[in-house]
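Student: I would like to go through this structure with you. Could we take it one topic at a time?

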Amino acid sequence: MSLSHLAALLTPDARYVLAFSGGLDSTVLLHQLVCWQQQHPQLHLRALHVHHGLSPNADGWAAHCQQICQQWGIPLAVLPVQVDGREQGIEAAAREVRYQALFQQLQPGECLLTAQHLDDQCETLLLALKRGSGPAGLAGMPAQRSLGEKQHLRPLLGISRQQLEAWAAEHQLRWIEDESNADCRYDRNFLRQRVIPELQARWPHFSAAAARSAALCGEQEQLLNELLAEQLTQLTDEQGRLTFTSLLSMSEARRHALLRRWIARQGGAMPSRDALLRITREVMQSREDAKPCLNFGSFELRRYRQHLYWLPPQISLSQHLLTWDDRSQPLQLPDQLGELQARPEVPQLRFPAADEQVSVRFQAQGYFHLQGRTGGREMKKLWQEAGIPPWQRERIPLIYYNQTLICAPGLFIIREGAASNEQGWQAIWLKQQ
């Protein structure tokens, strides 16, 4: 095996960071990178070892990785992490924590390398089939991907495990064996130990054929991304809200394709077909006065008027009360809502009387008269006129003088709180970015 797979994907003068577990795959890749660096001395290379602590041998694995990297002259950092598998299982949780730790360590201009190979791609495709995935899931792992400004490459994705074993034998490499790899309770191990050997015994090129299928699915997804990008941009506003009315007149296939891509843009995981059907039936087609909410992991999908919102859980702050005695200082708001600032040069609100305490609350009920408008309105009507969704209404700071509502900064001023002459002040809400 030559190093042509590295030359096809890597740049000789770039900065790479290898996720080094110490197992066969990453050991071979590290050795190949060291060999390639000898041909391209301008290459910058370092390694990261994620220490999960899940095995009694974990400390020994970290020491092994340090020894190998020291022997080959590669800087190594060990990253201790904690894995909580109660929600999604140990496999998925460990993978998520591992990537999170690795990407956090990347410096500007560095690119992450991982050592997944051809047989890993085959496992990924079979797991996607088990889940009933569509083309996006069946596309498997891409050889290169971007997460914001960070890059992730998989140089061994076209190389089989058999080829890696041959390289390791030829160069007398030492690696560690994770004892959990033999535990067939884990899905990947079951495929690796039981299923794929049977498939390859019958069809020796099965993994390569599966990888070609994954690549074709990836091409189809890329084409759909390109064809739907402009329409999705037109339907999505600067806040990330999706205007869904036109989706209801589309074919189910097109509607689902747009919903998947909108959710992906918002940072959500790929929803199942059943979840997409529920979005249409229970959210988009719900009554006008309904307040539908679907949970997707750590996010919520909500509707207000003709828009869909993809949100972290919205906590009500209705019981919070903050006093603002010193308005020369900003008032910090709870739950990362930012701060309030008082600007005395803009006379919008009257100054409080000596017996009036300024406070901030997040709930108001009753009938109010707005400055400059005739007649009064229920608080619910004021929120509706301002276009504030129900779940946000108890997260908006409201300024009170004693028990009297004075204003909602940036939204409205109550008649009792308006400045009647050139004396007064303005409340500014600076939201946290």
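**Helix 11 and its surroundings**

Tutor: Helix 10 (252–265), strand 8 (293–296), strand 9 (299–304) and strand 10 (307–311) are the elements against which the buried residues of helix 11 pack. Please keep in mind that this is a predicted model.

Student: Which residues of helix 11 are buried?

Tutor: They are Ala275, Leu276, Ile279, Thr280, Val283 and Met284. Viewed down the axis of helix 11, these buried residues fall within an arc of 145°, so they line one face of the helix.

Student: And what length does helix 11 reach from its first C-alpha to its last?

Tutor: Helix 11 (residues 273–284) has 12 residues and reaches 15 Å, close to the 16 Å expected at 1.5 Å a residue.

Student: Which strands pair with strand 10?

Tutor: Strand 9 pairs with strand 10 in the antiparallel sense over 5 bridges, and arginine 303 has leucine 308 of strand 10 as its bridge partner. Strand 7 (residues 242–243) also runs antiparallel to strand 10, joined to it by 2 bridges; there, threonine 243 stands opposite histidine 307.

Student: How many bridges join strand 12 to strand 13?

Tutor: There are 2 bridges between strand 12 and strand 13 (residues 339–343). Glutamine 332 has glutamate 339 in strand 13 as its bridge partner.

Student: What about the largest nonpolar core; which residues have the most contacts inside it?

Tutor: Val360 and Ile399 have the most contacts inside this core of 34 residues. Among the elements that each supply at least two of its residues are strand 14 (358–361), helix 12 (379–385) and strand 20. A second, separate core has 32 residues, including Leu33, Cys65, Ile74 and Leu164.

Student: What does isoleucine 399 touch?

Tutor: Leaving aside residues up to four places away in sequence, its contacts include Trp324, Val360, Leu405, Cys407, Trp425 and Ala427.

Student: How many disulfides are found in the whole structure?

Tutor: The search finds 0 disulfides. For cysteine 35, the nearest cysteine sulfur is that of cysteine 69, 14 Å away. The sulfur of cysteine 184 is 16 Å from the closest cysteine sulfur, in cysteine 122, which is too far for a bond.

Student: Are those two, cysteine 35 and cysteine 184, buried or partly exposed?

Tutor: Cysteine 35 is buried, with a relative accessible area of 18%, whereas cysteine 184 is partly exposed, at 23%. The cut-off for buried is under 20%.

Student: Finally, where is histidine 64?

Tutor: Histidine 64 lies in helix 3 (residues 58–72) and counts as buried at 9% relative accessibility. Beyond residues up to four places away in sequence, histidine 64 touches Gly22, Arg174, Trp175 and Ile176.

Conventions. Residues numbered from 1 in each chain as written. Predicted model: local features only at pLDDT ≥ 70, side-chain atom pairs only at ≥ 80, totals over all residues. Heavy atoms only, no water. Pairing = 2+ DSSP bridges. Helix = DSSP H or I, 4+ residues; strand = E, 2+ residues; numbered from the N terminus. Buried < 20%, exposed > 50% of the residue type's maximum accessible area, 1.4 Å probe, protein only. Contact = heavy atoms within 4.5 Å. Core = buried A, V, L, I, M, F, W, Y, C linked by side-chain atoms within 4.5 Å. Disulfide = S-S within 2.5 Å. Expected span 1.5 Å × (residues − 1). Arc of directions from axis to C-beta.
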